[in-house]
Amino acid sequence: MAEKTAKDKKTSEAKADNGQLQIVEDVFPTQLTILPLSHRPIFPGMTVPLTFSGEDKSKTLQKVMDEENGYLGMVLASNFDEEDYTLSDFHEMGTVFKIIRIVSTSKDAVQVLGNGISRFHRKKVLLIKPTLRWEVKYPAADKKKPGTDLKAYMMAISSEIKSLLQLNPLFQEQVNMVVSQLNYDAPGLTMDVISNLLSSEGEVLQDLLETLDLEERAEKLLLLIKQELEIAKIQTKINKQIDEKVNKQQKEFFLREQLKAIKKELGIEKDENESEVEKLEERLSGLDLTEEVRKAVNQELDKLRTLSPQAPDFNVTRTYLDIIADLPWSQYSNDNSDIRTARKILDDDHYGLDEVKDRILEFLSSVIKRGSIAGSIICLVGPPGVGKTSIGRSIAHALDRKFFRFSVGGMRDEAEIKGHRRTYIGAMPGKFIQALKRVGTANPVIMLDEIDKIGSTYRGDPASALLEVLDPEQNSSFMDHYLDLPFDLSKVLFLTTANQLDTIPRPLLDRMEIIRLSGYIMEEKVQIARQYLIPKQLEEHGFKKDEITFSDEAIGAIADNYAREAGVRNLEKQIRKIIRKVALKQAEKKDIDFNIGPEDIEEFLGKAFFNPEKLYNKSVPGVSLGLAYTSMGGTTLYVEANGIKSKSSGFKQTGQLGDVMRESAEIAYSQVRAFVSKDADLTSYFDHHLIHLHVPAGATPKDGPSAGITMALALYSLATNKPVKEGIAMTGELTLTGKVLPIGGVKEKTIAARRVNIMELILPIDNQKDFEELPEYIRAGITVHYVDYFRDVLKVAYPTEIL
């Protein structure tokens, strides 16, 4: 590619064949391809190797070599962008670099050898992509003969460089060459060569590069050399001290070895084996061990004395005794007996959950009163993200006990609970013994997370192994396979967490006290976000409390459209995402405070994740709205029914219904047909139509009996061609005789109804006490109709009709 050349020739300084510095003239291009330097600039007058990585830079270098006579602009980047170097912040002045050769060192890395030739100054940017190109101008060379001051500076520089080389011989050959040939006629080149060898900061060297006045540059260079000289003196002093210390240590080592050999020869010093045994004896003697454990420990110590340190059993026995010595035998922490402090801790750590807190405080009160926790295992059950694990930490904090948590979800090996026998290589104690060893007390709070997801294989059944650990009648003498000694776990407070109880083995469930944590309603999520989640995320991202503010409406919009789950984990993720985006905006536009309103949410988080749960704007025949309870909390559930004309009757169901729900659908179909049997038109409708019952969201499996009245009402609405009353949802199990049976999850289902602004519910009459026990803020504004039979459901759904 043809390059423009400067009309005025640029004068550069170079070394002639006779060894003296003299003036020659070169012509340099006015347009240069630019590559960044990330650490320090290059000065003219020196041949230097450089390494570049990245396929784009390799191609650029080859193009410069082939098409631009090897002339390249090298500029220090004050803010280097590793992903895209063209976006880096470049200094205004750089160095023309003449490439001599390019050598590929790997697939996307090359090493370049070239000469720094001349300074240049950026005139304007011509191109950014695909390569960065500048139009440049070259500073005019100072052709004046060096004055007295400059000569004095050069003599001082020469003197300081010689002093520096005595302390630091780095680059001695190059500097000696320049200093020995110094004739003061080319001071610029001499200073540039010396500058290339300095180890100063990149910005300091860049300032030196941009200093065109020779006397001013000489003054700055002399100061930098003096700094280098001071550093070299300190480095020499440190190296001397280290050498003296190493020599002293080596001398002491040899003397100690000689002394050890003399003592051993005289019988003064004991061998390594006896020393190990004595240390273990000293540690074990201070433990409060039972007679049975003490006897076993003494046997192991006697065995250790007879073993050679090189014997395989030596390390096994020593490790076994080490673990016994590390365990907290009869070491207990003092419990906090102030129930008011415990309540304050729970209130500070968690918003709402008044019923859960009361249950926990009742439990803690009884523990404090009787001074033991025998027979008490708490199981916290609720959807993900409602705070089960954090409540466990708060309980430990309230009791002033150590806390240890591990997950048993997916655990399939019994040895993880009870340990491996010592006959196996790499044997270890079980999780509980390891937990006690780590916390250092025999009465911590141990949380078993995800106990509803524990498994079993040919390796054993961990759930059955847990029975011994959690059974208060057995855990006072828990026998770990590795220890093979009884350890008292009766003072440990065990907590477990689960999303649902169905998959927990019944014998294990019988030993637990169940505390349910339902999901949070919108108002609770807003307060939790305001009091806990937002301050936490602001602190983690380095913001002050008042730099980013969220309105209640904005938090509500996030919870409703992006984090509709029962818990608040996803809500915290969305808040974290917004704060990260705000941090980016603030970095680009300095000193901006952000007030997040509901209108800003879509800009930060994109389109809403959740569609409205209400599928229909108005009631239509054959559709009813039910309430369901899942492991993720409560949810609304539409049931649709349609009739297809046929010669005979029929009934089919779709929507991934489980066996129990299919049976409920069959019962609902039979009950409705029996109910309308006295009406000839309705009976004829069922006789001549195939009835299709569908529960939307077909990709989601559904099961349970509580949709019985919902399905029956949808079938009745279809047959009568009358829509169900607007804004009403229901739940209840239906029998063949039309009896409505009670269901579970009343709180979760009520929260789900509030979430979609359904304020009128139909519940079984036997669930009246469950609803009335709910907190007032959940019940507020909701009208509930309690029903005993299907006829009562119809009276609510069709209030103007006489049935």
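This is a predicted model: local features need pLDDT of at least 70, side-chain atom pairs count only at pLDDT 80 or more; totals for chains, interfaces and linings use all residues.
**Exercise 1.** Determine how many residues of β26 are buried and what follows for the strand.

*Solution.* Step 1: take the cut-off, under 20% relative accessible area for a buried residue. Step 2: apply it to residues 760-764; five of the five are buried. Step 3: conclude that β26 is therefore largely enclosed by the rest of the structure.

**Exercise 2.** Identify the strands joined to β26 by bridges, and their direction.

*Solution.* Step 1: strand β23 (residues 729-730) is joined to β26 by two bridges, and the two run parallel. Step 2: strand β27 (residues 783-787) is joined to β26 by five bridges, again in a parallel arrangement. Step 3: look at L761 in both pairings. L761 is the bridge partner of A729, and L761 also stands opposite V784 in β27.

**Exercise 3.** Describe the packing of helix α11 against helix α12.

*Solution.* Step 2: for α11 (residues 354-370) and α12 (residues 388-399), the angle is about 40° and the axes are 12 Å apart. Step 3: assign the hand; the crossing of α11 and α12 is right-handed. Step 4: list the contact residues. α11 contributes V356, I360 and L364, while α12 contributes I391, I395, A398 and L399.

Methods. Residues are numbered from 1 along each chain as its sequence is written. Side-chain values use heavy atoms; hydrogens and water are left out. Buried means under 20% relative accessible area, exposed over 50%, partly exposed in between (1.4 Å probe, protein chains only). Helices (H or I, at least four residues) and strands (E, at least two) are DSSP runs, numbered from the N terminus. Two strands pair if DSSP finds at least two bridges between them. Axes are lines fitted to C-alpha atoms, for helices over the stretch in contact, and angles run from 0 to 180 degrees between N-to-C directions. A crossing is left-handed if the near helix is turned anticlockwise from the far one by less than a right angle, and right-handed if clockwise. Contact means heavy atoms within 4.5 Å.
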